Amino acid sequence: MTTLSAVDLAARLGGELAKAPRKLLIDGKLVDARSGRTFATINPATGEELAQVAHGAAEDIDLAVAAARRALENPAWRDMTANDRSLLLYRLADLIERDAQELAVLECLDNGKPATLTRAVEIEGSIKTFRYFAGWPTKFGGETLPVSPRGGLKILNYTTREPVGVAGLIVPWNYPMSMAAWKIAPAVAAGCAVVLKPAEQTPLTALRLGELALEAGFPAGVINVVPGFGDAGAALVQHPGVDKVAFTGSTEVGKAIVRAAAGNLKKISLELGGKSPQIVLPDADLDNAAASIATGIFFNQGQTCTAGSRLYAHRSIHDELLAKIADHAAKLKIGNGLDPETSFGPLVSQEQWDRVSDYVRIGADEGARLHTGGRRPEGLAPELHGGFFFQPTILADATRDMRVVREEIFGPVLSALSWSDTEDLIAQANDSEFGLSAGVWTNDIKSGHRIAAAVKAGTIWINCFNLVDPSTPFGGFKQSGWGREHGRQAMELYSETKSVWVNLS
């Protein structure tokens with residue numbers, strides 16, 4: 001079989017996308033939005049329209065939720081054995097693997113990230129996630145408990161784990177495929193039915209994932225996909241037929257979801273913003289630290305919730321380390337993600353470009369020094385002049401009260417600070433409304449453990465950064481979210497515990 005290059009595959013996909021608008025997936029069928037409206041999704045590398053997509057709204061959410069509730073009562077899903085649920089998840093993982101290159105190119109076109117990195121990180125991560133959670137249905141259950149009832153009764157007490165019901169899943173544009181996998185996989189492993197609302201900027205791989213789920217054999221209505229804007233997300237959160245909402249996105253929207261979900265006291269899990277510190281001790285291996293710190297802020301153009309955007313380098317090695325990080329930034333190849341040599345693509349939208357640019361200006365106004373980057377790159381190919389490209393940027397001489405240090409930029413901007421006192425360092429690292437993750441760089445493992453214990457964050461990486469795995473919990477402290485994704489904790493998010501008492505006297 002001939003393997004198409006990313007460019008040739010993009011040309012084929014582009015032709016297919018231009019033929020007709022992408023439809024919603026509701027109740028096992030591809031359908032137009034009830035309103036008949038569509039919206040454009042944009043190729044961030046060119047700024048040009050990539051496809052028209054059905055514009056889901058409240059009435060489409062109603063239909064999707066109704067389909068999901070029917071699926072919960074459908075014996076084909078309700079009574080499916082745990083082993084058969086596992087097999088469906090394995091089949092879906094196999095189909096993603098079969099279409100991995102196509103999905104990577106589709107994500108590149110819709111999101112802008114380099115296709116080679118998307119294939120290696122996001123698509124492979126999605127396959128791994130579905131295969132990991134495929135193992136849980138046969139292992140996730142209740143237990144028998146020794147109770148001490150009154151009156152000498154002989155009681156058998158046991159618990160069961162039951163699906164929470166219909167789960168509304170709202171995912172962001174920065175990792176569209178993997179974020180959908182992170183939520184769909186544990187939800188259906190637990191026996192739920194879901195309505196997925198992808199970000200309006202990047203709906204294409206979510207829709208394709210829904211189609212693959214049908215091909216894998218999931219019954220109609222178990223997985224529904226409704227692209228749309230904020231009104232569709234709000235309708236999903238407020239819907240009385242939704243039992244649980246899982247959201248990844250900004251802290252501001254997360255707070256709005258908490259308020260909106262109060263109507264029927266939905267279960268909520270939130271993976272929100274971050275402003276992760278990179279803490280470098282004077283004994284650290286600076287070459288390794290610099291390489292990982294550069295990747296930690298510039299991978300995916302800094303559009304990562306765990307991006308290590310606050311650098312705290314010991315005063316004795318600060319300048320040397322900053323120079324090494326800047327050298328890594330200079331070596332990034334900026335361009336079209338279809339080029340296998342590209343390591344740094346565009347931001348997702350003009351709105352995001354404006355946000356990042358504004359923050360760089362704000363940092364300069366507050367006294368930070370532009371060490372490198374800070375503008376649109378020069379020398380791009382003519383077809384990329386309309387794209388949303390922004391240079392990897394380092395702001396030096398930052399201080400703890402600057403907005404670029406305190407607020408999430410969500411772009412390729414590193415704010416660099418120096419320190420000399422360990423207690424003050426910890427205080428600064430924790431002086432944030434966020435607590436998603438942190439990096440620690442040292443050759444003294446005792447110091448690494450002490451700092452890991454002191455920093456208030458859900459994930460601490462010591463001498464590494466941005467490693468994730470579906471077997472270990474992921475989530476944040478403080479305003480970085482509620483609950484944990486991955487591992488058994490994710491299964492618990494999508495289930496309810498029932499206690500059963502049986503009188504054997």
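**Pairs and helices, with reasons**

Author: Let's start with D424, which counts as partly exposed at 31% relative accessibility. By the way, this is a predicted model.

Reader: What makes D424 "partly exposed"?

Author: Buried means under 20% and exposed means over 50%. D424 has 31%, so it counts as partly exposed.

Reader: How do you know that R400 forms a salt bridge with D424?

Author: The closest N and O atoms of R400 and D424 are 3.7 Å apart, and the cut-off is within 4 Å. So the pair counts as a salt bridge. R400 sits in the loop between β15 and α14, while D424 is in helix α15, so the pair ties together parts that are 24 residues apart in sequence.

Reader: And R361 with D365: what makes that a salt bridge?

Author: Their N to O distance is 3.4 Å, again set against a limit of 4 Å. Both residues lie in helix α13, four residues apart, which is about one turn of the helix.

Reader: Why is D365 called exposed, while R361 is called partly exposed?

Author: D365 has 59% relative accessibility, and exposed means over 50%. R361 has 45%, which falls between the 20% and 50% limits, so "partly exposed" is the label.

Reader: Why are α4 and α6 called roughly antiparallel?

Author: Their axes cross at roughly 165°, and angles over 145 degrees count as roughly antiparallel. Therefore α4 and α6 get that name. The axes also come within 8 Å, and the crossing is left-handed.

Key: Residues are numbered from 1 along each chain as its sequence is written. This is a predicted model: local features need pLDDT of at least 70, side-chain atom pairs count only at pLDDT 80 or more; totals for chains, interfaces and linings use all residues. Side-chain values use heavy atoms; hydrogens and water are left out. Axes are lines fitted to C-alpha atoms, for helices over the stretch in contact, and angles run from 0 to 180 degrees between N-to-C directions. Helices (H or I, at least four residues) and strands (E, at least two) are DSSP runs, numbered from the N terminus. Angles under 35 degrees count as roughly parallel, over 145 as roughly antiparallel, 65 to 115 as roughly perpendicular and the rest as oblique. A crossing is left-handed if the near helix is turned anticlockwise from the far one by less than a right angle, and right-handed if clockwise. A salt bridge is a side-chain nitrogen of Lys or Arg within 4 Å of a carboxyl oxygen of Asp or Glu. Buried means under 20% relative accessible area, exposed over 50%, partly exposed in between (1.4 Å probe, protein chains only).
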